[in-house]
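Welcome! Have a look at the sequence and the model below, and keep both in view as you read the notes that follow.

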Amino acid sequence: MSTPVAHGSIRRRLLLSLLASAAVLAIVVYFVVQSVARQVAQESQDNVLTASALSILDSARLSGGEISIDLPYSALSMLDSISDERVFYAIRLENEFLSGYADLPEAKENGAVSPAYLSAMFLGEEVRVATVRRRMSTDTGRSFLKVTVAQTLSGQKQTLARISRTSMGIGAGFFLVWVLLAALISRSTIRPLDRLTSSVSRRGPKDLRPVAAPVPSEMVPLVASLNSFMRRLQQSLMRSEDFIAEAAHRVRTPLAVVRTKAEVAQRKSDDPETRKALREMIRAIDDSSRTAGQLLDHAMVTFRLDHLAREEISLHRLVHDTVERMRPTSELKDVTLEATEVETAVIKGDPILVQNALHNLLDNAVKYSPSGAEILVALTTTDDGATISVNDTGPGFQTDELDELPKRFARGANTQDIVGSGLGLTIAKEVVEAHGGTLHITNNPGGGACVSLLFPSS
Amino acid sequence: MRFLLIEDNEQLAEAVVDRLMLDGHVVDHAPDIQTGHDFTATTSYDLILLDIMLPDGDGRTFLARHRKQEESTPVIVLTARSEVADRVGLLDLGADDYMVKPIDFSELEARCRAVMRRRGGAAQNLLTLGNLRFDSLSGTLKLPDQDIQLRTRELRLFEVLANAPGQVFSKSTLVDRLFSYDEDVTENAIEVYIGRLRRHLEASTVKITTIRGLGYKLEVA
């Protein structure tokens with residue numbers, strides 16, 4: 001049987017697509033968390049900057065046309081409290097610089113909106129800038145007092161890095177948990193397939209019943225076609241069984257008529273030539289009916305080998321029965337057939353096949369033994385298994401053909417004028433090998449052949 | 001012996017009847033199961049030859065009813081099917097033996113003998129010739145002072161001669177009766193067996209004489 005070529009794996013594909021989607025999700029989560037964190041950090045910094053700027057602005061007093069600002073301590077300390085940031089400020093009246101860092105950039109108000117914010121570079125550092133303003137009436141008329149407060153971002157950057165590390169950890173953890181879940185999901189998705197596979201492969205060789213166990217709806221078409229395939233297979237098996245029986249019947253009955261009539265005619269005839277011709281006819285008929293019989297036997301054996309039964313066989317009984325059944329044929333030829341040493345042995349297999357194999361060996365032995373010869377059948381057991389051996393005192397096999405003999409239609413060199421098709425040893429060999437055993441052919445030292453079937457202990 | 005042949009193929013039945021009659025047997029032929037039962041109800045047979053595929057049913061049904069009626073007549077089934085499973089089932093159903101068509105009649109004879117022997121043969125098989133008694137089932141010659149066990153071919157040769165004392169059998173007839181068709185034997189092979197039988201018969205009043213140019217016959221002094 002050939003192993004089907006695997007192309008891809010459903011489980012792997014399912015697992016990979018689950019993992020890929022989980023990875024995308026984890027990356028998205030990471031970026032979302034990071035951008036939200038950045039936004040939240042910026043907003044809170046902006047609020048503090050605004051509050052600080054406003055408190056400076058609130059302390060501005062107009063006294064006698066002069067603006068005096070008493071920089072409140074709290075205004076800058078609230079910024080300090082965030083972290084070790086450097087803080088800068090600038091107070092301007094319109095475009096006239098009043099106090100602080102003259103170079104500090106100003107967040108341009110956006111229309112009437114106050115406060116305004118800006119991210120900029122100042123003294124080589126990234127800073128966040130907030131500017132608030134208030135309209136003041138001075139000597140020069142009404143003008144805007146603008147307070148700008150700025151803070152470096154290094155602390156915020158550290159916080160953001162921490163948040164980013166945490167969110168990366170969350171993403172990785174999420175991914176790991178998902179890997180486990182995906183493995184479970186893919187396995188449970190595949191499980192009905194595994195169950196179907198094991199329920200089909202666990203079946204006995206002759207079990208061609210349809211699969212009845214419930215399966216997921218996606219698998220129903222597969223199981224339906226599997227069932228229909230098995231039904232067709234069973235029908236075709238039954239047909240071939242019938243065919244073998246029918247062919248045997250059709251071939252043998254007319255052969256029987258011809259043979260019997262030829263035998264009657266031969267017995268009635270006194271003419272030596274006619275008698276000789278009829279004798280040859282009968283032998284030809286025997287030859288063809290034996291060949292037909294063994295071909296059909298072989299077909300039957302092949303059929304049964306494909307569906308090897310596993311029954312318990314009492315080998316000793318089988319040996320005894322087969323020998324008894326063969327005895328009249330051997331007596332006809334004045335050949336002694338005895339089951340000598342028969343031990344008790346039980347193997348598992350197809351009794352009909354084993355009987356057929358032994359029958360073929362005995363048939364061969366009787367056929368090729370000269371009148372007066374002896375055939376001894378033995379059944380012995382060892383730890384390795386049971387051995388049925390058939391020893392004869394016939395001509396034996398030629399040593400150079402021992403390997404060739406069990407091949408289909410091979411006949412020994414010393415079998416002239418003996419009816420036979422050469423399938424007997426082939427059948428015996430195929431049967432014993434199907435049962436895990438071996439067939440051995442040897443010549444006995446004292447002359448004659450020994451054919452043995454070794455069945456391993458199950 | 002008296003045979004009943006249950007076989008639906010007319011040609012085959014006719015040939016088998018002819019063939020068995022050549023050996024001096026009496027054969028009735030029934031073409032179907034019902035006729036077979038009719039025959040067994042009125043006549044007692046030594047052996048029934050039963051085909052399996054019959055027009056009014058399976059030969060197994062005949063077997064089953066035959067055994068149910070406690071008929072003791074042995075049955076040999078003639079089957080055309082090669083399924084060993086079938087044959088094994090037949091033996092379980094009470095057939096005494098089975099043969100696959102085409103039938104080798106010398107094998108049939110051997111199987112009949114085996115069946116009779118298994119059935120523990122009756123005394124009617126004891127034939128008395130002069131001071132000799134012959135048990136054809138066990139194949140023994142009982143002489144006043146000894147029993148001689150014959151080998152199969154000697155037994156069959158003696159049986160042929162002793163069933164018709166005084167009748168001359170040609171060598172070719174004896175070859176036909178003794179050897180199967182797949183053996184290559186010359187008519188001289190018969191002389192070997194005649195020689196052996198003569199040695200066994202030395203102490204008896206039974207003699208095998210040679211009729212030159214014609215064959216052999218058995219004489220009782």
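B:Val185 is partly exposed because 13 other C-beta atoms lie within 10 Å of its own; a residue is buried with 20 or more such atoms, exposed with 12 or fewer, and partly exposed in between, with C-beta atoms placed from the backbone. This is a predicted model, in which local features need pLDDT of at least 70, side-chain atom pairs count only at pLDDT 80 or more, and totals for chains, interfaces and linings use all residues. Residues are numbered from 1 along each chain as its sequence is written, while chains are lettered from A and ligands numbered from 1 in the order in which they are written.

**Around B:Val185**
- You will find B:Val185 in the loop between α7 and α8 (189-200) of chain B; helices (H or I, at least four residues) and strands (E, at least two) are DSSP runs, numbered from the N terminus.
- Leaving aside neighbours within four places in sequence, B:Val185 is in contact with B:Val175 and B:Phe179, where contact means that the C-beta atoms, placed from the backbone, lie within 7 Å.
- From C-alpha to C-alpha, B:Val185 and B:Val175 are 7.9 Å apart, and ten residues separate them in sequence.

**The two chains**
- Chain B contains eight helices and 13 strands, and 38% of its 221 residues count as buried.
- Chain A contains eight helices and 14 strands, and 29% of its 458 residues are buried.
- Among contacts in chain A between residues at least 6 apart in sequence, 64% join residues at least 24 apart.
- In chain B, residues 24 or more positions apart account for 50% of the contacts with a separation of 6 or more.

**Where the chains touch**

**Helix α6 of chain A**
- This helix (residues 315-332) has 18 residues and reaches 26 Å from its first C-alpha to its last, close to the expected 26 Å, a span worked out as 1.5 Å times one less than the number of residues.
- A kink of about 40° lies at A:Met326, shortly before the proline A:Pro328; the bend is the angle between axes fitted to the seven residues ending at a residue and the seven starting there.
- The buried residues of α6(A) include A:Leu315, A:Val319, A:Met326 and A:Pro328.
- Just after α6(A), A:Asp334 takes a positive phi of about 60°.

**Strand β14 of chain A and its partners**
- Strand β12(A) (residues 385-392) runs antiparallel to β14(A), joined by seven bridges; strands pair if DSSP finds at least two bridges between them.
- Within this pairing, A:Val390 has A:Val451 as its bridge partner.
- Six bridges link β13(A) (residues 438-443) to β14(A), again antiparallel, and A:His440 stands opposite A:Ser452.
- The hairpin of β13(A) and β14(A) has five residues between the strands, and A:Gly447 takes a positive phi near 100° there.

Terms used. Two residues are in contact if their C-beta atoms, placed from the backbone, lie within 7 Å.
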